[in-house]
Amino acid sequence: MSDLATIQKYLGEKSSYYLEHQSKTVKKEKLHLPSPNFIDEVTSLSDRSPRVLRSLQAMYGNGRLAGTGYVSILPVDQGIEHSAGASFAKNPEYFDPENIVKLAIEGGCNAVASTFGVLGAVARKYAHKIPFMVKFNHNELMTFPNKAEQITWGTMKQAADMGCVSVGATVYFGSDGATKQIVEVSNLFQQAHELGMATVLWCYLRNKAFKVDKIDHHVSADLTGQANHLGVTMSADIIKQKLPEVNGGFKALNAGDSSYGKLDERIYTELTSDHPIDLCRYQVVNCYMGRIGLINSGGASGKNDFGEAVTTAVINKRAGGMGLISGRKAFQRPMNEGAKLLQTIQDVYLCKEVTIA
């Protein structure tokens, strides 16, 4: 059981701001919240097959958060997405795929998410020891100039054969290639479900136009919320999204002579506030009121990784989210410190005093 005092220490002077906030937007009673019986009470009502339910249960039932309904996942696909040298120079041991899996195990994670290459290299040794999630598409950085394009790197049969219980993918909503990615990933998710694997979608935004007047609306609550709503429509079982930092993306993109999307002022006056927990709750709301779990990403490594990780976990949990998927903050430090960081995140979800806002 986590020590509330430790969590308060990491939150610092904003401890009360995060821990005592009570949401007055969408009430928590309207949400489908993570619980030990989430699969029985929520997921089993869907069209997911018994094999997919079993795969989800394998994830929910592993690691330090087993039996809580929450998940902590280690994702390491940066060897492709951000280039291996730039990602692993701090800790060259992570060029070896085995150390990635070891970190997830040592850190008490529900699952490890990585590439076909990483997981395939050690599948016979570890696929039965920790749930595997293969990330099947990536944006490679060798094309010049670099471009935002998610490319599929393997088949769903290949993922199933290596023992994966789930697959993950990214769609760059708002990009020139979004239509193609939506169609391709939707079809592959259907194949994954037919093979009994669960599906996780990175619902990321990507368009230079989303930066307006020096405000980056790639992390705007209204735009990321709508991306989530598209993601659950694609039959994702879990949605991964960046934590919202601002709001009003639709309004900004409709300024002047431009016309973009559709909006209702009640998004900003009734369904959200300027509090980070309420902004994140809007992301949960767009995941069918929590019927599909929302996990937020941990972000890049910096000078205050532990404090930032705890803050993100508190926001996600109190908003009604399902957990965190944090990579760089963990693997860009010595393994014992990385494992401690992952466990510190998990402690937030184990702490009963950190309640739903």
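## Aromatic rings

F88, Y94, F95 and F331 come together as one aromatic cluster. Rings of Phe, Tyr and Trp (taking its six-membered ring) are paired here if their centres lie within 6.5 Å, with planes under 30 degrees apart called stacked, over 60 edge-to-face and the rest tilted.

Before going on, some ground rules: this is a predicted model, where local features need pLDDT of at least 70 and side-chain atom pairs count only at pLDDT 80 or more, while totals for chains, interfaces and linings use all residues. Residues are numbered from 1 along each chain as its sequence is written, and side-chain values use heavy atoms, with hydrogens and water left out.

Across the whole structure, a search turns up nine aromatic pairs. One of them is F210 with Y260, an edge-to-face pair at 6.0 Å centre to centre and 65 degrees between the planes. F210 sits in the loop between β7 (198-205) and β8 (211-212), and Y260 in the loop between α12 (249-253) and α13 (266-269), so the pair ties together parts 50 residues apart in sequence. Helices (H or I, at least four residues) and strands (E, at least two) are DSSP runs, numbered from the N terminus.

F210 is buried at 3% relative accessibility, whereas Y260 is partly exposed at 30%. Those words follow relative accessible area: buried is under 20%, exposed is over 50% and partly exposed is in between, using a 1.4 Å probe and protein chains only.

## Charges over rings

Two lysines are worth a click. K135 lies over the face of W202, 5.1 Å from the ring centre, and the charged end of K242 sits over the ring of Y204, 4.9 Å from its centre. To qualify, NZ of Lys or CZ of Arg has to be within 6 Å of the ring centre and within 35 degrees of the ring normal.

## Helix α14 and its surroundings

How many of the residues of helix α14 are buried? It's 11 of the 11 in the run 276-286, so the helix is largely enclosed by the rest of the structure. The buried residues pack against α2 (15-19), α11 (221-233), β10 (238-241), α13, β11 (293-297) and α15; contact here means heavy atoms within 4.5 Å.

Take α11 in particular: α11 and α14 pack at about 20 degrees, with their axes 8 Å apart. That makes α11 roughly parallel to α14, and the crossing is right-handed. On the α11 side, the residues involved include A221, G225 and H229, and they meet L279, Y282, Q283 and N286 in α14.

For the geometry, axes are lines fitted to C-alpha atoms, for helices over the stretch in contact, and angles run from 0 to 180 degrees between N-to-C directions. Angles under 35 degrees count as roughly parallel, over 145 as roughly antiparallel, 65 to 115 as roughly perpendicular and the rest as oblique. A crossing is right-handed if the near helix is turned clockwise from the far one by less than a right angle, and left-handed if anticlockwise.

Helix α15 (residues 305-319) packs with helix α17 (residues 335-350) at about 30 degrees, with axes 9 Å apart. So α15 is roughly parallel to α17, and this crossing is right-handed. Among the residues that meet are F306, A309, V310 and A313 in α15, and L341, T344, I345 and V348 in α17.

Leaving aside neighbours within four places in sequence, T312 is in contact with L243, N296, S297 and L324. T312 and C280 are 32 residues apart in sequence and 10.0 Å apart in space, C-alpha to C-alpha.

The peptide bond from F144 to P145 is cis, with omega near -5 degrees, and P145 lies in the loop between β4 (137-138) and β5 (151-152).

Y288 is partly exposed at 34%, and M289 is partly exposed at 27%.
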